[in-house]
Amino acid sequence: MVLGYKPTMLLNAVNMEFSPRYHHTADMLLDEQMIIEAAKQNPEHFGPLYDKYYKQIFGYVYQRMDCKDTAFDLTAQVFLKALTNIEKYEYKGVPFASWLYRIAHSEVMQLFRTKKNLRTVNADISDLRHICEEVEEEYMEQYKSVLMTVIKDLPEDELQLIELRFFEKRPFKEIAEILNLTETNSKVKLYRILDRVKKTLTKTSTNNGN
Amino acid sequence: MGTKFNLNRQPVPDEEINSHKDFGELVDKFKKQSIEKARSDANFLKNKKATYTAIIAGATVVCTLTYFTVFKKQTSKQNQNDKITTNQTHNNQPTKNSAKPVIAPPVPKLNVAYTSYSVKAEDGAVLKHKTNSKIIIPKKAFVNKQGLDIVGDVEIKYREFHNPADIIAGGVPMTYDSAGIKSTLESAGMIDIRGYQNGEPVFINPNKTITVEFQSEYISDQYNMYVLDTMAGNWVYVSRDNSLKNQKKNEPKKTSSLQVKSDVPMSAKQKDIQKQIDAIPPKMEAEKIVYSKKINQLPKVTTPSKPIKATAGRPQFELDVNYKEFPELQAFKNAVFEVGSENKNYSSKLADITWSSAEVSEGPAKGKNYWLTLKLRERVEKLIVYPALAGSDYEKALKNYEAKFADYQDLLAKREADEKKLKEEFEAKQKAYVQEQERLTAEMIRERIRIQKEIAENMNQQMKTMSSEAKVTRIFNVSNFGICNSDRPVSMPQEAKMNPVFIVNGTKTFVKANSTYLISKNRNLVFNFGREPLSYNPGESYSLCVISDGKIYTCDSESLSKCFAAKQNKIPVTEVTAEINDSHDLKKVLGI
């Protein structure tokens, strides 16, 4: 039986571990800021940032496509854009990664606008379970295909939210930074998506006579 | 066709991700892209077919070359010093945003003068500047604004900025804006180099570099290389100044040229004096010996022995001696030997014995008593005896004694006189030797002092030489003419702020400052506040230079510190009335 969904659960994300990569201490942010300032003066100084964030950015890009080579090319493109525009970068008290993700997001979206067929959704079964838990629905095998269909058919901006939150396990603050939203707005948007997902799952459950 | 959904896709191994990481390639792409962008910008300007003045065309070329050189520099992985690129502009070329020239000497006559050199472009040259800096110009180092090689004479104009006075006099802006954060550059030395042919500016061939081996008085290696972008009105970071590191790597470790000799050898004069000093004690000793000999040679005067009158009642021995057989006892002829009271072994019975032998020998009190040894077979008795005379013998002996004593006194007086004379002579000679020794010692000390002074002077001279040599060579690799600086950004003072009112010392005249310079003590660091309020750090020491309508006013560090400590915004300044004609004069006036 499906119980009433409480959006506040989103804040707690029970049984879901979020990536700590986004979290930086004040010292780490300061160190990063110094490297950025140096890189603004001399591109050779960009190296530490490249090393630090390459894997993360590749992960972000490859999360959204099947072709590894394209993902690597796009990752290189992201860093080239970052280096080209680093003089415009302004520190906003969040890790430099947020800015890189925004560039990556922009590059990926631009690619999908021209080559839509490259877009794929990649998740683990455990991610689908988390979605079910989030909507307070017990995961059942028959939900797998329903969830997959619902998710892949979501509009791109909504799919991004699901991907960032459940497949990449990012905190709302980072999601908001990447998508250029406020933290509250991201939560509200995600609640609405999950509400729809819940309704679909309820419908599936009812149709199956559970 | 809908979006594909992959469930439980295999993750990409870290090794595979890392194998695609190539930062070098990224930087190369970035440089290539930047060059293309620069070229396209240049082409865009060409295609506009607008009428550009020669200066704007030159600036475009310079901009292109700037990009090229910067990116070329960035690819260099050699340990060579980075090339420095500047925009060539004239001193008074205004920025885009302001009508005020970037380089604005506050008092034109004080401006740091250029030195002109003539160089055959096709041959190149090595120019030695008056500061010992070296300007190395390779062959075919110059191109015209069309990018074509220049032949013939090129005039190189060159000047250096070494201290706050040069910075103020030259009107070079030292403010550095990095990402909106303003700081001031503390300089280890700055050069301004330009090239002209027939009055027209020339440019450095993009494939060549002019190297300036700058003699810097600041030996720290914590400096960066910057070039002044006179178009943007800001300094452009080029690289770290690795000149010193490279020098340390490449040059054998130099030993100090100051040689302090711990064991200074004696001068010839000192040796001579020391020889004389050393000869005196033996002379004195020899004189003592001579003196002793002379004393010994004086006739000996012996005190005659006064005859002793025999005491009645005292036990006495009379010796029955054959004086012919024993002439040594002649002296005791007619004498009796009184037994001394100290003889405890004496008894009257001894006088009854006829002793087989009686020997008289010197007694414990020489000349006064004798040992009398009496023997009979095994028996031996020793008695202290005193020779004495009795009756007429005594009288006769006494007279004889008195005569001898009179002679003795005469002889003694003479001897004493002779001894006194010899002693006086000896003492006079010894005194003369001591005086000579003292004189020579004093002379030796004077000579030592003279030599020490000489050494100290030599050392000072060496120190001065070293001090003037205590410079380091900073390498400026110049790819475009303009101003290059080896320096480091220093935060503007922020701890306290005031709106200063400058009052001429001893008057009630206020000075309306056109420029206010805060000069950090013992550093090549000048904060230019223009007409803005002053900010300062109370714990630091500054002096002040104010320029108003071409007049220079100063406030020394002591007076300024007092004002800052008291947070007193009325700052007393002294008008410089002495004639100052250049930055050297300004340096003296500022007490730098």
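Chain A comprises 10 helices and one strand. Read from the N terminus, its elements follow the order α-α-α-α-α-β-α-α-α-α-α. The model is predicted, and the mean pLDDT of chain A is 82, with 87% of its residues reaching 70 or more. Chain A has 210 residues, of which 32% count as buried. When contacts in chain A between residues at least 6 apart in sequence are considered, 69% of them join residues at least 24 apart.

Where pLDDT is low, predicted coordinates should not be read in detail.

The contact between the two chains draws 32 residues from chain A and 24 residues from chain B. On the side of chain A that touches chain B, at least two residues each come from α2 (26–41), α3 (47–62), α4, β1 (120–123) and α7 (141–152) of chain A. Of the elements of chain A, α4(A) gives the most to this side, with seven residues. By residue class, the side of chain A that touches chain B consists of 15 nonpolar, seven polar and 10 charged residues. Strand pairing also links the chains: β1(A) is joined by four bridges to strand β1 (residues 4–7) of chain B, and the two strands run parallel. Within this pairing, N122(A) stands opposite N6(B) in β1(B).

In chain B, an open sheet of mixed pairing is formed by seven strands in the order β24-β23-β30-β29-β28-β25-β26. Its edge strands, each pairing on one side only, are β24 (510–511) and β26 (526–528) of chain B. Strand β23 (residues 501–504) of chain B runs parallel to strand β30 (residues 570–575) of chain B, to which four bridges join it. Here F502(B) is placed opposite I571(B) in β30(B). Two helices pack on the sheet. Helix α8 (residues 557–565) of chain B touches β28 (542–548), β29 (551–555) and β30 of chain B, and its direction makes about 95 degrees with that of β28(B). Helix α9 (residues 583–590) of chain B touches β25 (515–520), β28 and β29 of chain B, its direction making about 30 degrees with that of β29(B).

Several loop residues of chain B were also examined. T209(B) lies in the loop between β11 (203–204) and β12 (210–216) of chain B. This residue counts as buried because it has 23 C-beta neighbours inside 10 Å. The C-alpha atom of T209(B) is separated by 7.3 Å from that of P138(B), although the two residues are 71 apart along the chain.

Most residues other than glycine have a negative phi. N132(B), which is not a glycine, has a positive phi of about 75 degrees; it is placed in the loop between β4 (125–128) and β5 (134–137) of chain B. With 13 other C-beta atoms within 10 Å, N132(B) is partly exposed. K140(B), likewise a residue other than glycine, has a positive phi near 50 degrees. The loop between β5 and β6 (142–143) of chain B contains K140(B), which counts as partly exposed with 16 C-beta neighbours inside 10 Å.

How values were computed. Residues are numbered from 1 along each chain as its sequence is written. Chains are lettered from A and ligands numbered from 1 in the order in which they are written. This is a predicted model: local features need pLDDT of at least 70, side-chain atom pairs count only at pLDDT 80 or more; totals for chains, interfaces and linings use all residues. pLDDT is the predictor's confidence in each residue, from 0 to 100. Two strands pair if DSSP finds at least two bridges between them. Two residues are in contact if their C-beta atoms, placed from the backbone, lie within 7 Å. Axes are lines fitted to C-alpha atoms, for helices over the stretch in contact, and angles run from 0 to 180 degrees between N-to-C directions. Ala, Val, Leu, Ile, Met, Phe, Trp, Tyr, Cys and Pro count as nonpolar, Asp, Glu, Lys and Arg as charged, and the others, Gly among them, as polar. A residue is buried if 20 or more other C-beta atoms lie within 10 Å of its own, exposed if 12 or fewer, and partly exposed in between; C-beta atoms are placed from the backbone.
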